[in-house]
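Q: I would like to take a close look at one part of this model and go through it slowly. Please keep to a single connected answer.

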Amino acid sequence: MTATSLTHPLVADLTSTTGVTVPVIAPFTGEVLHEMPTSSEQDVRDAAAAARAAQRSWRQAGFAHRRAVLLKAHDLLLERREELLDILQTESGKTRGQAFEEIFEGATVARYYAVSARNVLRTRRRRAGIPIVIKTSVSYKPKGLVGVITPWNYPIALSIMDVVPALAAGNGVIQKADNQGALSILASRRAFIDAGVPAALWGVVAGDGTLVGNAVVDAADYVCFTGSTPTGTKVGERAMATLTGASLELGGKNPLIVLDDVTPHKAAAGAVYSVFSSMGQLCVSVERIYVARSVADEFTTAFADRTKALSQGPALDYTTDVGSLTSAAQLERVQKHVDDAVAKGATVLAGGRARPDLGPYFFEPTVLTNVTPDMECFAHETFGPVVAISIVDSEEEAIAAANDSEFGLNAAVFSGSISRARRVADRLDAGSVNINEGYRASFSSTDAPMGGMKHSGLGRRNGPEGLLRFVEARTVAEATGILTLPRTGPEWAAMTGTMIVLLKALKVLRRR
Ligand code: NAD
């Protein structure tokens, strides 16, 4: 490759004036994919100022205009899917099917907020403290500039899940893309620009996490962060120092419970996808399985057999089931977790080793048993294709084990009885619980909130909750003049009796 061919045309859309680039490696080959320009703090401030200026007319243009633009972007995402899938796979190392999940999610979110934003954010009358005497309504004002910080693992879906509702609510956006995944973000962003989103309204910067990330937090009126719990905690602290709101979508150690009434081989088929999708580099994928003793042998054998049968390799088509890890750092982290577990006595039922013959960062989907609390992978997020299967003797034990974690992002229950699974779901400390599915049931339910309990985060994306993050509620209450409120002592003395009667009447009428 020549020096010029390493400059990808998409990076012209970034705000970067430093002249400094960093190489981005293609996971399937280990070769330099392109040289990524990095942004300075001043670049962030410039992009933020441009987005603020563009936001004013975007807000003025109103919901109908924004709806039309977002629906057009939906169509362009679908029309351009093959190009987007190529870029996404080349940058992430995931399979085409798992890359398609991102296009599906992105288009779904664009349509959802295009269609629902006006209704969620319309001005509404609310009950007044004193009926007739006061009239109250609530309206919503966009925050202004939303800072979005995204990781490398789901670049298209995670960007759109935050950027689209921010835009739909009338905001501008300044996004810090991870260097790995930035091309996918810029390519999908072009669909929105071509659909009518002003380019300056959605600025994208990249570069050093702390330097550029801090500048984005400082520039924004609200911050959406997706990434690890340690970084998210720092982002939250920094935002809070200036009383800037933040939603934090962080890590997980997601459990899957297999109850004793499942058909074991059917449960195993569903569970395997839930663990190894995107090579486990997915915040909501499963890393712990608790299986009832009576079905454990059959389930575990079927699970290990299915795992061994997964076809793995670099392919820009739908011929593989699992792909590559995304980076050398990810390979090192996964290898470390597996080596540590094996050294401390875990049993490897499938996988357990790297596959340099397939590509530099390939690692076999790995199934472990006999995983104990002294092992790194017991409680800490591996964020890779490694699962620990443990046997439990009761539903109670399964629920207790699933909840025994600092995280609470996603969970799953497999059962032959939906009502039983729902009862178990009700007792799990997780922001989403999937029944007879690992994560896709909740992940694709865009009308329902997604987020984490405990150290998995703060706030929710998706659904009306995901939109309301991006607005300030403003209450407007008017004195109708039908009755003058008391101001002096004697006026109070004359009115308190009437007020007590009113309060008692409202209670009898069960009025809110
Ligand atoms: P990370 O925290 O290292 O980085 C995330 C982003 O933050 C990157 O763009 C990075 O450059 C930036 N960053 C780094 N330091 C920063 C700082 N001081 N201030 C502001 N930004 C900074 O996470 P990662 O390794 O890229 O992603 C993997 C993690 O993300 C996993 O823990 C995974 O579970 C989590 N994740 C969570 C969700 C969710 O929805 N809950 C989704 C995807 C990934």
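Q: By class, how many nonpolar, polar and charged residues does the lining of the largest cavity have?

A: This is a predicted model, and by class the lining of its largest cavity has seven nonpolar, five polar and three charged residues. The structure holds three cavities of 30 Å³ or more, and in the largest of them there is about 80 Å³ of space. Such spaces can be found because rolling a probe the size of a water molecule over the atoms shows where empty space is left. The lining of the largest cavity is made by 15 residues, and those that lie nearest its centre are Pro255, Arg288, Ala402, Phe407 and Asp429.

From the cavity we can turn to the nonpolar cores. The largest nonpolar core has 67 residues, of which Leu167, Val173, Phe192 and Leu467 touch the most other members. Apart from this core lies another, of 40 residues, including Ala292, Leu325, Val334 and Ile389. To see the surroundings of one member, take Phe192, which, when residues up to four places away in sequence are not counted, touches Val69, Leu70, Ala73, Leu77, Ala110, Ile160, Val164, Val197 and Trp202.

Technical notes. Residues numbered from 1 in each chain as written. Predicted model: local features only at pLDDT ≥ 70, side-chain atom pairs only at ≥ 80, totals over all residues. Heavy atoms only, no water. 1 Å grid on protein atoms, 1.4 Å probe; cavity = no way out; pocket = protein on both sides within 12 Å on 5 of 7 lines; lining within 4 Å. Points joined across faces, edges and corners; volume = space filled by probe spheres on them. Nonpolar A, V, L, I, M, F, W, Y, C, P; charged D, E, K, R; others polar. Core = buried A, V, L, I, M, F, W, Y, C linked by side-chain atoms within 4.5 Å. Buried < 20%, exposed > 50% of the residue type's maximum accessible area, 1.4 Å probe, protein only. Contact = heavy atoms within 4.5 Å.
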